Amino acid sequence: MLDPLTEPPAIDPIYEARVYCNIPTITERSMEGQVPHYFKLVSVHVLIRHGDRYPLYAIPKTKRPDIDCMLVSSRKPSHPQLEAFIRHMSKGSEAQMDGTLSSLPRYPSHASCEMGELTQTGVVQHLQNGQLLREIYIKKHKLLLSDWTAKHLYLESTGKSRTLQSGLALLYTLLPDFDWKKINVRHQWSTIFCSGSCDCPMRNHYLEEEQRRQYSLRVKNNDLERVYVDMAKIVGIPTRQLRASNPIDSLLCYFCHNVSFPCTKNGCINIEHFKIIKTHQLEDERERQEKKLYFFYALLATHPLLNQTVNRMQRIAEGKKEEVLVLYSAHDVTLSPVLSALGITEARFPRFAARLVFELWQDGKKRREHFIRILYNGVDVTFQTSFCQDHNMHSSKPVCPLEKFVHFVKRDMFSVFNSTNYYDACHRRPL
């Protein structure tokens, strides 16, 4: 913990932005699958954020960034299996895809990117993720054997092309040339994956309070206000309209793809504008952890997804052999509350193609005992979780007992709301 009397460490917004972009040349360590040799891997849950995408918002009266969303293997960044991926995706008509997913393209293919479309960078990021996980979970730990069937795999995606395409890219290098008849992708309409348990008034209450906190921090930031006024003059629109266009989303795309920031006859948006907005974003992230409103929201928002994960793990621990590999393809607004709810306060805001992995292990010496590991972008964060921090002090194993995760999800998540179950926590007003 930081001493409240000391200044917080300086933030380098440009470094943080590069990490967010996760340009594929960046190498990262991977700690997935690293346990004592007598442990057996019995289940893996993977939650991903989609890869690099074109902006969701446009800065008014500026030329949109010129980015090609066609997949071209000779263009960087690329991947050795990119062409094979494209060929395989074109054969996907035999897959079972829920609802609107069946009508979505299986890979990006526009010469000029559409708003929110996955880019080639985004595809390559998840081809790399899948390749990495294949080496560990399929080749080393034999989680799925060559005769795996549809019942061993659970896939779920939101209804956006960028999440479906990201999931398929990861799946392709994880299980190259998979049989499309074994693929059944469920459609998740909610970005927090709450499925049939989405009615939670107090979750919405805490989200509204968190949004008020964000607004209060923003209006107190004079540097940020000056930047918005200056940028608004450059593009020739009211400051309020510029703020509403969420310029950081577009500017991150320019930055990540090394495209010059937009100019008009009144001047150019520049790197200093970008740095001040990005710095505020990082300060907001830090205050968000301190104020706890987002944490309360996160507990209620993520319980349905974590409860589903725990239930599946318990079934597998009891000997069931179904849904041993799970892939949820989602968004930053999915991963971020999960990280917060688990108590992983050191995790940064989910970058493009971020991955959160839950591993379930069986002790080979005591087969009735099961343990979990949690990894974020290849880093073991198991003992950063609120429910397993204490266990780390008196454990010789790099794993956490499954029971601790079960108790956290089934009981302890609700204690801060003076409740014992999800329904009560969702409907009881705070004292």
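**Disulfides and burial, case by case**

By the sulfur-distance rule, this chain comes to six disulfides, a disulfide being a pair of cysteine sulfur atoms within 2.5 Å.

Visitor: What am I looking at here?
Guide: This is a predicted model, where local features need pLDDT of at least 70, side-chain atom pairs count only at pLDDT 80 or more, and totals for chains, interfaces and linings use all residues. Residues are numbered from 1 along each chain as its sequence is written, and side-chain values use heavy atoms, leaving out hydrogens and water.

Visitor: Why is the link of Cys69 and Cys113 called a disulfide?
Guide: Their sulfur atoms are 2.0 Å apart, and the cut-off is 2.5 Å, so the pair qualifies. The torsion about the S-S bond is about 100°, so this disulfide is right-handed.

Visitor: What makes Cys69 buried?
Guide: Buried means under 20% relative accessible area, exposed over 50%, and partly exposed in between, with a 1.4 Å probe and protein chains only. Cys69 has 0%, so buried is the word. Cys113 has 1%, so Cys113 is buried as well.

Visitor: And why is Cys263 called partly exposed?
Guide: Cys263 has 45% relative accessibility, so partly exposed is the label. Its disulfide partner is Cys268, S to S 1.9 Å, and Cys268 is partly exposed at 37%.
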